[in-house]
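Reader: Can we go through this one together? Show it first.
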Amino acid sequence: MGFIQTWLPYILAGVAVGGQYALIAIGYTMVYGILRLINFAHGDVFMWSGLIMVYLITILPLWLSVILVIIFAIVLGTTIEKVAYRPLRSAPRMSIMISAIGVSYLLQNFALYITGGLTKTYPTIGWLQRTVSIGSATTKMVTLVTPVLTIVLVFLLVMLIKHTKIGMAMRAVSRDFETSSLMGIDIDRVITVTFVIGCALAAIGSILYFSNYTGIQPMSGAMPGLKAFVAAVFGGIGSVPGAVVGAFVIGVAENLIKGIGWTNFSDAFTFVLLIIILMVKPTGLFGEKNIDKV
Amino acid sequence: MKKFLALMLTLVLVMMSLAACGGGSGSDSGSGDTIKIGVFEPASGDNGAGGKQETLGIQYANEVQPTVEIGGKEYNVELAIVDNESDNSKAVTAAQDLVSKGVSIVLGSYGSAVSIAAADVFADAGMPAIGVTCTNPQVTADCEQYFRICFLDPFQGTVLANYAWENGMKKAYCLSKQGDDYSKGLVNYFIEAFKKLGGEVVEEQFPDKNSDFTSYVANAKKNGCDVFFSPVSTEAAALIIDQAEAQSLGMPILAGDTWDSNVITGAAKGKNVEIVVTTFYQEGGNPEFDSGIKEWMENNADAKTNNGGNTDLAAVTAMGYDAYFVALEAMKAAGSTDPADILAALPELNATGLVCGDVTFNEVGDANKTTAFVKKCNNETGAWEFVKEQAAE
């Protein structure tokens, strides 16, 4: 009992941040599954969703802002795909990767220009930021909401991939890009849907993440984006459940390490984990061939 | 066609960069009766908010006193402002930029780390620099060109430790940022002084770009500390305050001069968090200055935005104001606009009539200051309340 009392705050924080990483990681893993592209700009779409929320909430009611933020993220993500990735689809993979890095820096610097480099404070979303006590731990409501919401969303996503026509198309494209286009699958549509889903989840993730850690600045997307990417690799890039499991593992482990007192090593841990996984099991936890990849 | 396009784009880029160079040298040649003061401050990055506030004080002072008489000749004072981006490598480039712009003296920076990083550039150029609120001893210790008008971290750390001990706090949780000379230095001096008094200390650090302070707050609670000492940047501070509220920290948060900012009061407003800081200037210390600068910010939309959207006065702004006048005094004393002459005049300078108290320099180049103001945040009004004046001994 004493053990749980001591560690409960860390585990709660870890599960919450893990859920938020998971929502970002899905975007990485799905895009990789289909395009074999690491979409470096994804973390910045996440940051921009947060930033737009800051501006929208000053003129619009909350529910409308939330909807508009999600729409904004989708529009931004699909525009990036159309402008920066689609023309390069037949180019070597390295070119498209560099294009992604370029977009990432463009988004960061544009945010720097808009905000003037100052940290913006995320708006208070009523009950999400209310303080609640569970046993020995006191935390924000969002900590409890995040894992539940994440799991519900992932469940819906897996259902979509398994049981709908577009889901089947996505699985086909991720298995074999050329053959599926020969079979009459509209590749452009499948890719657009992938970006729509990934960006919508990143927007939801940004609402949860920034409700908990309320400062947004142009580099805010970099660290969560990087960790979500590690989570995606850890779980086996291309696999949705893998990314979610990876994200929760990283979130919890990171906070437990801080709890032991090794605060200096919490970030190092994440990246050491990445190296070990790549050495021991290059395909990640769930990255085996016979698993459906999207 | 594609090749032609690529060629055109390249040409446009080259032309643009040439045009930019041309503009720069053009403005340099027109400095007949103007003297330039370099402002070396962060306008973005971790310390962007504080740097902007410090710059505001300098700009206001320039507004109040736009000319200076040196050796019987009237000069217009022009500010050359650069952004060091709160980044040690960018700081060097920004400092070189100032030197090449031909400034006579440099003011800044907010944040000790960037000042230490740029010290070599100023030393090589023989450029006098006046640190405004950089409190780390190293800024002036290794650099003869660097002077400063604020108190130092060993002093501030002792003051804070004394305050904590006198208020019955026996165990302190100290949090600093990895690789940040300011917070690490201040934490070390605090620990040294606090242990000497008989206190117990738990020390931790967080990495760059970290925004998750949940576990640090939880660690402070787990270790049963009486006070949370975290003299970190205001960006991190807002997040710490937020987490402290979320997890009901239940102990006061103590910090240094950096936290004397409306970013902090804004973050703490309406929250159940006790915040105590030491600082350079107490609002109300000079009513004329207070009302003047507030009116200026009210009538100047840019200034108000840079101050965080309101006209609350930060101590660093008052210090920036003072620094400008110290620079003018130094030029008058030197009777020349040449950096070398100004440098020679600085050690003997006695600047009076400033808002944060008179300034004289000791042999290292630091201002002789003996007291700091202790302030506490009122969580209902979101304003600072004066607690006491605290000396080191």
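Author: One definition to start with: domain bounds here come from an automatic or database domain assignment. The model is a predicted one.

Reader: Fine. How is chain B divided?
Author: Into two parts. Domain 1 covers 34–151 + 287–361, and domain 2 covers 153–279 + 373–391.

Reader: What separates the centres of domain 1 and domain 2 of chain B?
Author: 27 Å, taken over C-alpha atoms.

Reader: And how many residues are in contact?
Author: 20 residues of domain 1 of chain B are in contact with 19 residues of domain 2 of chain B.

Reader: Which elements give two or more residues to the domain 1 side?
Author: Helix 2 (48–64) and helix 4 (112–125) of chain B.

Reader: How do the residues of that side divide: nonpolar, polar, charged?
Author: On the side of domain 1 that touches domain 2 in chain B, 7 are nonpolar, 11 polar and 2 charged.

Reader: Switching to strands. Strand 14 of chain B and strand 15 of chain B: parallel or antiparallel?
Author: Antiparallel, over 8 bridges. Strand 15 spans residues 383–391.

Reader: What about strand 11 and strand 14 of chain B?
Author: Strand 11 (residues 275–279) pairs with strand 14 (residues 371–378) in the antiparallel sense, over 4 bridges.

Reader: Which residues stand opposite B:Phe373?
Author: B:Thr279 stands opposite B:Phe373. In strand 15 of chain B, B:Glu389 stands opposite B:Phe373.

Reader: And the hairpin of strand 14 and strand 15 of chain B, how many residues lie between the strands?
Author: 4 residues. In that hairpin, B:Gly382 takes a positive phi near 70°.

Technical notes:
Residues numbered from 1 in each chain as written. Chains lettered and ligands numbered in written order. Predicted model: local features only at pLDDT ≥ 70, side-chain atom pairs only at ≥ 80, totals over all residues. Pairing = 2+ DSSP bridges. Contact = placed C-beta atoms within 7 Å. Nonpolar A, V, L, I, M, F, W, Y, C, P; charged D, E, K, R; others polar.
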